[in-house]
2 protein chains.
Amino acid sequence: MLHIDLDKTPKHSPYYLQILEQIRTLIILGRLLPGKRLPPSRQLAKELGVARRTVVSAYEELCEQGYCTSKVGCGTTVSQIPELIQKDKNDNTYGFPKWLLTDTNYTCHSGDWDTDKICFIPSLSHVKYLPMKKMRQAINQTIIQSIPDVLGHYARNNGDPELIQALCQQVLPTRGIQAMPSQILITNGSQHSSSILSMLISPCGGTISYGVPGYLAIPQNFIMRGMTGVACPVDSEGILLTEAAYASRIHYVMPEHHFPQGMTLSPERRSALLQLAEEHDALIIEDDYDSEFYYERHPLPALKDGDLGGRVIYLGTFSKVLFNSLRLGYIVAHPEIIRRLVDIRWQLDGGTSLILQRWIAQLIISGAVERHLRRMRIRYRKRRDLIALYLQELFPEWSWQLPRGGMQFWIELPEGQSAETILDLAAERGVGLWSGANFREPNACEPNVTAENHHLILGYGAIDEFEIHTAFDRLRDLQQHI
Amino acid sequence: MLHIDLDKTPKHSPYYLQILEQIRTLIILGRLLPGKRLPPSRQLAKELGVARRTVVSAYEELCEQGYCTSKVGCGTTVSQIPELIQKDKNDNTYGFPKWLLTDTNYTCHSGDWDTDKICFIPSLSHVKYLPMKKMRQAINQTIIQSIPDVLGHYARNNGDPELIQALCQQVLPTRGIQAMPSQILITNGSQHSSSILSMLISPCGGTISYGVPGYLAIPQNFIMRGMTGVACPVDSEGILLTEAAYASRIHYVMPEHHFPQGMTLSPERRSALLQLAEEHDALIIEDDYDSEFYYERHPLPALKDGDLGGRVIYLGTFSKVLFNSLRLGYIVAHPEIIRRLVDIRWQLDGGTSLILQRWIAQLIISGAVERHLRRMRIRYRKRRDLIALYLQELFPEWSWQLPRGGMQFWIELPEGQSAETILDLAAERGVGLWSGANFREPNACEPNVTAENHHLILGYGAIDEFEIHTAFDRLRDLQQHI
């Protein structure tokens, strides 16, 4: 007797498929052995309360797929199981091609963290205070209004015209940038922007310069695709190009705050960089990832603002302004560059989700984004000031500068203290800290640098004042152990 | 007298920036000439009703940026404009690096169309009948429930666990696929899926086989990255692998309906293909883009279903089930392949927007997607039947098969008729048709094929019955002219 359970709820899949799949599973699992005869179709149909034709269809397909054979007068019997099925399916490499066995070289860090701890995650914004009501209103509006204009329109372009207009009129002017729609490409965030750019630029060869410690996942995109990386030091005036970097094709910079140290590129270095790019026919990639968060003064205008020669490719993102998992960003560049990037990105992934774009356009136009930023500047400044007080009180030997903007402290440890040890001790106390080592990867990006073990990063984007109090309370005895 | 308009509304940008930018614009436009002295800061401040310090800041920055110079006793005067500014900014190549002047090789077609016409767009679903109310409810739920669990969680993974679960439990079983969460990667649609796969596979070299005419944008991703393409013919049983294709590393197939012709891969060819992949240690990419739309019988189970050796990489998408501009899809493959793809895609773009994923998960779980599919199957079948009647009546010489599924007719023209001519004549009458030439690109993908000019494609995914009547009414006299 064959035990078959038919799902007869309204959403059931076709009966013949259910019968087919359940019998096949029994065969694969060895519960129905080769030579075993299946019950006559008429009998099984009666048992299951379905039409005989349904069972016949299932049996026919089982034969077609090689699990059974059927002979007039003998009914349907289970076949010898094909050899393939008998291989050990628990062997992880089984079915995995030999030529693919090497691992990939992709080492991009994720922002993964331990949710049991209070974590000072760098560069993650706080979603708890997002303007949820406005966000719901805007998405409702988007869904209502955008049929069929938005959802139905699927054409190769540089992004949703409404979002592009909102960027040109409301967002970019706050960074001193005057751009035309043809200078914009909407992307899925800055990592995606840099991938698309690297697909355009890397085939031309040459070098890319970048500051270290720094956010290496972006230059890595170019290096992975064939460019040579030139790591440069970062001092109190921002990235300091070495002579080896002068003739770079690409300079990757974060002028407002170099991540993670937070230095602002000085006006002198800005002019020199623009001049250098002009002289060497080079491009500058300006990653302006969190300049919206400033606490002392308005940020300097973007480097793109002084870019009279059109050498600067500006990367903007909503990851910090709103939230990381939104995956929405944009590139501002020469229209001829944008035109090529549109070709590349269409082949890559067919564009950014239009509903996301229109949604964020609505949020910008309504002023909700700007209001959210104003509120978050106040919150982040309070957190920053609170952390500064605790650091002065509990760890007077640590050396740091009060961040004028951004979402993290960069702390230099005194001689003899090890970031690794401190991270471990903090983890034991339920507090997550980050080490500078995360931004000096021991790979091709950055040769000749000894292991980094003397910097800490404390992010305050995604941690409340209450959590800050609790965390430092837990760290109160740490000083004695380091 | 300097004419400066200050924006003093609540959302204004800082006054010093407004002053700075307006003066700079006057200099760049030549309205303030070199040597011209700016009004004393005290005077301008009074005129504008701002603090003197504000004007001084603007002047200081103008000097820093090289637009002005300042001398004690002489005030601030306009400098010689830097040479850069004087270059012709209308020259499109100005500021565009010489080494980038070549065009890209990316030729992926967009689904662009003329909105003045009634268009039989292939492979585009109808957004007019989307379950808007359910979609709004689901996104509202998503935004309310998902703080901070979803929005705040930004960690490298293979996708939103809820969407993955919904796929494993509700979507994939309808295609006969039993998959574990570790076998899934959420992507931004099938084009994106194929890009990520090509980044993993192409560096290993070898060949990729695919059917022609067909959807070439996917094999192109592999060929662009270094693999050799082997174009194979497609007959009534689906793709027919040529001998040159036997040893391919990758076979790209659309078993349920080969696009755009619509043939279903026969059971014999399915078995042979799986066997071939096993013998040659190869992988099969199964693009299952619109099997949800069937009109005569349930579709055959996915090739992935019979994939006992784990050789099949299954590509699913919501582009047809919901809408193209959503940009959401998934890969089902061996967990070891998924693990590597996660690395690649994290470096590429940092994951798919979580809010989109959770939204669609809610829509699947609520049953709204399945109900939408049931309704659309009925609509699409009606449209198909209506078009069939018109084709029989008006163009009896054209040869075609009634599509058993999918969203388009593939029409063969009789000797002496030219697709190009028919497209032109239809366009004159306000009707948009597609030519088979779109799926036989004259590039490296497909050598040795003469220009395609004898097939038409009529898509009925995004065209109403009323529009179908109107369109054929306009085409009523066409037969006389071809």
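Predicted model: local features only at pLDDT ≥ 70, side-chain atom pairs only at ≥ 80, totals over all residues.
Biologist: In which sense do strand 15 and strand 16 of chain B pair, and over how many bridges?

Modeller: Residues are numbered from 1 along each chain as its sequence is written, and chains are lettered from A and ligands numbered from 1 in the order in which they are written. Helices (H or I, at least four residues) and strands (E, at least two) are DSSP runs, numbered from the N terminus, and two strands pair if DSSP finds at least two bridges between them. In strand 16 of chain B, Ile457(B) is the bridge partner of Trp434(B) and Leu456(B) stands opposite Ser435(B), and strand 15 (residues 434–435) pairs with strand 16 in the antiparallel sense over two bridges.

Biologist: What is the order of the strands in the open sheet of three strands in chain B?

Modeller: Strand 16 of chain B also pairs with strand 13 (residues 408–412) of chain B, in the antiparallel sense and over five bridges, and here Ile457(B) in strand 16 is the bridge partner of Trp410(B). The pairing in this open sheet is antiparallel, and the order in chain B is 13-16-15. Strand 13 and strand 15 of chain B have a single partner strand each, so one side of each is left without a neighbour in the sheet, and they stand at the edges. The order asked for is therefore 13-16-15.

Biologist: How many residues of strand 16 of chain B are buried?

Modeller: A residue is buried when its relative accessible area is under 20%, exposed when it is over 50% and partly exposed in between, using a 1.4 Å probe and protein chains only. His455(B), Ile457(B) and Gly459(B) point one way from strand 16 of chain B, whereas Leu456(B) and Leu458(B) point the other way, and all are buried. Strand 16 (residues 455–459) of chain B is thus largely enclosed by the rest of the structure, because the number of its residues that are buried is five of the five.

Biologist: How far apart are the end C-alpha atoms of helix 7 of chain B?

Modeller: The expected span of a helix is 1.5 Å times one less than its number of residues. For the 12 residues of helix 7 (residues 190–201) of chain B that span should be 16 Å, which agrees with the distance between its end C-alpha atoms, 16 Å.

Biologist: Is helix 8 of chain B roughly parallel or antiparallel to helix 7 of chain B?

Modeller: Helix 7 of chain B is mostly covered, with 12 of its 12 residues buried, and contact (heavy atoms within 4.5 Å) brings residues including Ser194(B), Leu197(B) and Ile201(B) of helix 7 to meet Ala217(B), Ile218(B), Asn221(B) and Phe222(B) in helix 8. Axes are lines fitted to C-alpha atoms, for helices over the stretch in contact, and angles run from 0 to 180 degrees between N-to-C directions; by these axes, helix 7 and helix 8 (residues 217–224) of chain B pack at about 25°, with their axes 9 Å apart. Angles under 35 degrees count as roughly parallel, over 145 as roughly antiparallel, 65 to 115 as roughly perpendicular and the rest as oblique. The two helices of chain B are therefore roughly parallel.

Biologist: Which residue in the turn of the hairpin formed by strand 1 and strand 2 of chain B has a positive phi?

Modeller: Strand 1 (residues 68–71) and strand 2 (residues 75–78) of chain B run antiparallel and are joined by four bridges, with Ser70(B) opposite Thr76(B) in strand 2. Three residues lie between the two strands of this hairpin, and the residue in the turn with a positive phi of about 90° is Gly73(B).

Biologist: What separates the C-alpha atoms of Gly432(B) and Lys117(B)?

Modeller: Gly432(B) belongs to strand 14 (residues 431–432) of chain B, and it counts as buried because its relative accessibility is 7%. Leaving aside neighbours within four places in sequence, Gly432(B) is in contact with Lys117(B), Ile118(B), Cys119(B) and Phe120(B). Although Gly432(B) and Lys117(B) are 315 residues apart along the chain, their C-alpha atoms are separated by 6.0 Å.

Biologist: Which are the edge strands of the seven-strand open sheet in chain A?

Modeller: The seven strands of this open sheet in chain A follow the order 4-12-11-10-9-5-6, with mixed pairing. Each edge strand pairs on one side only, and the edge strands of chain A are strand 4 (184–187) and strand 6 (228–232).

Definitions and conventions: Heavy atoms only, no water.
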